[in-house]
Every structure is written in structure tokens, then in C-alpha cells.
Amino acid sequence: MGSPDKSARIPDDARKILVRMAAEWRDIVDPQALQVVPLKGAMTNEVYQIKWIRNSSPEEPLPRSKKVLVRIYGAGVDVFFDRGNEIRTFEFVSKQGQGPRLLGRFANGRVEEFIHARSRILDSVTLAEGLNLVCVYAGEPDETCRTLSAADLRDPEISAIIASKMKEFHDLDMPGSKKIVLWDRLRKWITEAKRVSSPQEAKEFRLGDLEAEISALEKKLYTNDRIGFCHNDLQYGNIMMDEETRSITIIVSYRTIYAEAELVKEDVDVWELVVTDRTVMGRQDYEYASYNPMSFDIANHFCEMAADYHTETPHVLDYNKYPDLQERDRFLRVYLAASGKQPRDSEVKQLNQEVEKYTLASHLVWGLWGLISAHVNDIDFDYVEYARQRFRAYWAKKREVLGDS
């Protein structure tokens with residue numbers, strides 16, 4: 001029995017875009033002869049490297065190739081996203097120079113600039129997990145850039161660069177509503193978690209208590225200041241660094257799904273599927289990047305320091321790696337200084353206290369995400385155990401920062 005045809009996993013509309021793009025790259029030997037290589041590392045999607053052989057000169061010892069990345073997101077996770085908001089988010093952030101340049105759009109996905117990186121780019125760049133789309137990145141290797149690793153988040157120099165970039169990101173004036181989404185999101189997710197969970201899971205994870213927990217937490221933490229445009233998933237795989245310039249790029253996401261469309265060339269740079277039937281399939285209720293308390297975004301970043309998604313047990317979290325007081329103060333001081341003036345010690349202390357409290361919201365968000373994902377996603381990742389760790393961390397941290405049990 002022969003091995004299965006991996007190229008069959010690429011949707012027809014994505015394949016059409018890929019072939020049409022390759023045909024315009026004059027050095028491709030055969031645009032139809034795309035090679036598909038499955039990649040590992042994503043928690044809610046399938047990821048493939050696509051490459052074509054390029055024409056080589058006689059002086060070159062080995063054939064050159066042109067590579068792109070195709071990401072097919074897991075089915076059944078529609079509860080997590082707002083499609084229209086994600087489109088606006090990606091396009092706006094891209095225009096602000098904060099992420100990859102948009103090159104094209106098609107059903108369930110997009111074509112965007114490939115931000116060059118070393119080997120990890122192929123299995124760890126995530127635009128936002130759980131989107132029901134195909135993403136394509138076009139470009140060639142570059143030895144100066146890379147996606148960050150788990151260890152990089154603890155590096156003082158890199159951490160300081162991230163802190164400055166995060167403040168710049170938070171200060172983006174995103175068009176549209178400035179409404180905080182955190183609390184409504186949690187309420188929607190607890191409703192969905194109750195719907196999909198078994199009675200045993202509902203009891204173990206205390207789902208019956210969580211609505212009251214969310215309301216109480218909102219009352220204790222809600223404030224109108226320090227609200228900004230937040231990434232909400234700033235883990236190491238969503239950060240890229242150019243090692244020559246020491247500049248950081250934060251990756252965000254967008255997606256769109258149309259019922260019917262036709263392939264056209266919008267302009268010289270962008271391929272797009274133009275909608276011919278504007279009936280949008282399904283309804284989503286969530287996006288990652290949105291307006292939220294900035295302390296929540298920082299807290300979530302700190303919590304991600306406990307994770308390493310490129311191990312044999314990617315679901316396992318090590319909270320011994322959570323940044324200590326000195327590390328947090330250093331990060332927050334740089335973050336505040338990015339506004340143009342050195343912060344007072346009292347400002348750093350106050351922000352640290354806010355961030356520590358918002359780790360509770362982070363644990364609830366990703367605990368519920370894990371529990372829901374266990375029922376709607378078949379990616380090889382232990383979502384239930386991941387959720388279990390986040391909920392345990394919530395109850396333990398609550399006693400520490402609020403004094404409640």
C-alpha cells in the first residue's frame with residue numbers, strides 16, 4: 001500500500017491560489033508541481049509547508065526552492081472568533097507595520113508576506129489558534145530572523161524588546177469599537193463549556209461556580225484606565241525577531257469565509273476571491289486581538305512563560321518558570337518607559353499588582369478554551385489536562401492575590 005497523497009489535504013481554492021501565484025514567479029520550474037510537507041507544532045490546526053523547485057543556474061550545486069506555509073485550522077471551534085473583526089484587525093495592524101503584509105485573500109484564508117525565519121518558522125508561527133481558515137505565507141529563508149523559543153521569553157534583553165513592542169501595540173488606535181471583550185467572552189465560553197462538557201467534567205472543573213467567579217472578578221478588577229488594543233495570546237510562537245536589527249514583530253490574525261467567490265486579481269500585488277454570494281457561512285463570537293485591559297495582556301504573556309509547546313508533552317505547564325518579582329518589575333519598567341518618561345517605583349508596583357490579579361482572568365480564559373477545544377478539535381494535544389492545569393492555577397493564584405478560596 002502506498003503512502004496517502006498529502007497534497008489532497010490542501011483545499012481546492014487554496015491550491016488554485018498557490019498555482020496562480022507560482023505561475024507569476026518566473027523562476028518556478030512547474031507551478032503545478034507543488035510539494036506538500038506536513039509540519040508539527042500547532043494545537044488547533046494542520047500546518048503544511050508547500051514548496052516548488054526553482055530554475056537554477058549551472059553554478060548552483062543544488063536545486064533551489066520557493067516555499068510557503070499553509071495552515072488549515074481545526075473544525076468545530078467557531079465559538080472562539082468574530083470573522084469581521086479579525087479581518088479588520090489584520091488589515092489595520094498590517095498597514096501599521098505591526099505584522100506581515102497582506103498579499104491576497106481566498107475562501108477560508110489568506111496569502112500574506114512571509115516574515116523570514118529559521119527552521120522554527122515552519123512549525124511554530126501561529127497567527128491565532130482555532131481559526132477555521134487556510135493561511136499561506138510567501139517568501140524565502142533568511143538566516144537573520146527567527147520565531148522566538150520558550151527560553152527567549154526569559155532572556156532579559158529580548159524580554160525588554162517585547163515589553164517596548166507590547167506598549168507600542170497597546171497604543172494602536174484601532175478603528176471601531178473600543179469595548180472591552182474579556183468579560184463577555186468569558187461568559188460566552190462558560191456557557192459553551194457547560195453545553196459540551198459531561199456531568200463529570202462539569203463537576204471536576206466546577207463549571208457551576210464559574211459564572212459567579214467571573215462576575216466577582218470583574219467587579220474587583222474592572223477599571224476604565226489602562227485599556228488598549230491587546231493581542232490576548234502573546235506566547236513565544238506569536239513573536240518573531242530579526243537578530244541583526246533586534247526588532248520584534250508581533251503576529252496577529254484575520255480570516256474570512258464566503259459561500260461563493262471567484263478568483264480575480266485585485267491589483268498588481270494582491271490575489272483575492274471576490275464575493276459573488278454574500279451569505280456568510282456560520283457565526284462566530286470571538287477574536288483574539290481586541291480591546292482589553294492592558295494588564296490582562298501582560299498577565300497572559302507572563303503566564304505563557306510556563307509553557308513550551310515544542311516538547312514531547314506540549315500541554316504540560318511549569319509554573320516554576322513564571323517570572324519572579326524582579327523579572328516582572330524589569331519588564332514593567334521598560335513597558336512604562338516606552339511612553340517616553342521613566343516611571344516612578346510606585347507606578348511599577350501598582351501595575352505589577354494589577355497584572356498579578358489579571359493572571360486569574362488568563363487562567364479562566366485558557367482553561368475554558370482547553371475544555372471546549374477537547375470536544376471540538378481532534379488535534380493531538382491533551383486539551384483536558386491543559387485545562388486542568390489552568391483551573392488549578394486559577395484557584396491557587398486566587399488565594400495568593402485576593403486572599404479568597
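These notebook entries record what I looked up in the predicted model of this chain.

**Ground rules**

I worked from a predicted model in which local features need pLDDT of at least 70 and side-chain atom pairs count only at pLDDT 80 or more, whereas totals for chains, interfaces and linings use all residues. I numbered residues from 1 along each chain as its sequence is written, and side-chain values use heavy atoms, with hydrogens and water left out.

**Entry 1: the whole chain**

I began with the secondary structure and found 11 helices and 13 strands. Helices (H or I, at least four residues) and strands (E, at least two) are DSSP runs, numbered from the N terminus. Of the 405 residues in the chain, 54% are buried. I took buried as under 20% relative accessible area, exposed as over 50%, and partly exposed as in between (1.4 Å probe, protein chains only).

The chain exposes about 18,000 Å², of which carbon and sulfur atoms supply 48%. These areas come from the Shrake-Rupley method with a 1.4 Å probe, and for residues only the protein chains shown count as cover. I then looked at contacts, meaning heavy atoms within 4.5 Å. Among those between residues at least 6 apart in sequence, 75% join residues at least 24 apart.

**Entry 2: nonpolar cores**

I defined a nonpolar core as a set of buried Ala, Val, Leu, Ile, Met, Phe, Trp, Tyr and Cys residues joined through side-chain atoms within 4.5 Å. The largest core has 71 residues, and Leu148, Ile162, Leu182, Trp183 and Leu368 touch the most other members. Helix H10 (residues 345-376) gives this core its largest share, 13 residues. Another core, of 16 residues, lies apart from it and has Ala14, Val19, Trp25 and Val36 among its members.

**Entry 3: helix H4**

At the start of H4, a side-chain oxygen of aspartate 155 comes to within 3.0 Å of the backbone nitrogen of glutamate 157. The buried residues of H4 include Ile158, Ile161, Ile162 and Phe169, and also Lys165, Lys167 and His170.

**Entry 4**

I listed Leu207, Leu210, Glu213, Ile214, Leu217 and Leu221 as its buried residues. An α-helix has 3.6 residues a turn, so residues three or four places apart point the same way. The cover over the buried residues of H7 includes helix H5 (182-196), helix H6 (199-204), H10 and H11.

Arginine 206 sits in the loop between H6 and H7. Its phi is near 55 degrees, a positive value in a residue other than glycine. I noted arginine 206 as partly exposed, because its relative accessible area is 36%.

**Entry 4: helix H11**

Which residues does arginine 388 touch, not counting those up to four places away in sequence? I found Glu204 and Phe205. Arginine 388 lies in helix H11, and its side chain makes a polar contact with the side chain of glutamate 204 at 2.5 Å. A polar contact is a pair of N or O atoms within 3.5 Å; within protein, one must be able to donate a hydrogen and the other to accept it, and residues adjacent in sequence count only if both atoms are side-chain atoms.

Is lysine 397 buried or exposed? Lysine 397, also in helix H11 (residues 383-401), is buried because its relative accessible area is 11%. Leaving out residues up to four places away in sequence, lysine 397 touches Tyr322, Glu356, Thr359, Leu360 and Leu402.

Phenylalanine 229 belongs to strand S8 (residues 227-230) and counts as buried at 1% relative accessibility. Its C-alpha atom is separated by 6.2 Å from that of leucine 172, 57 residues apart along the chain. In the loop between S8 and S9 I found asparagine 232, which has a positive phi of about 75 degrees although it is not a glycine.

Strands S9 (residues 239-242) and S10 (residues 247-250) pair in the antiparallel sense over four bridges; pairing requires that DSSP find at least two bridges. In S10, serine 247 is the bridge partner of aspartate 242, and threonine 249 that of methionine 240. The two strands form a hairpin with four residues between them, and arginine 246 in the turn has a positive phi of about 60 degrees. Both faces of S9 are covered, with Ile239 and Met241 buried on one side and Met240 and Asp242 on the other.
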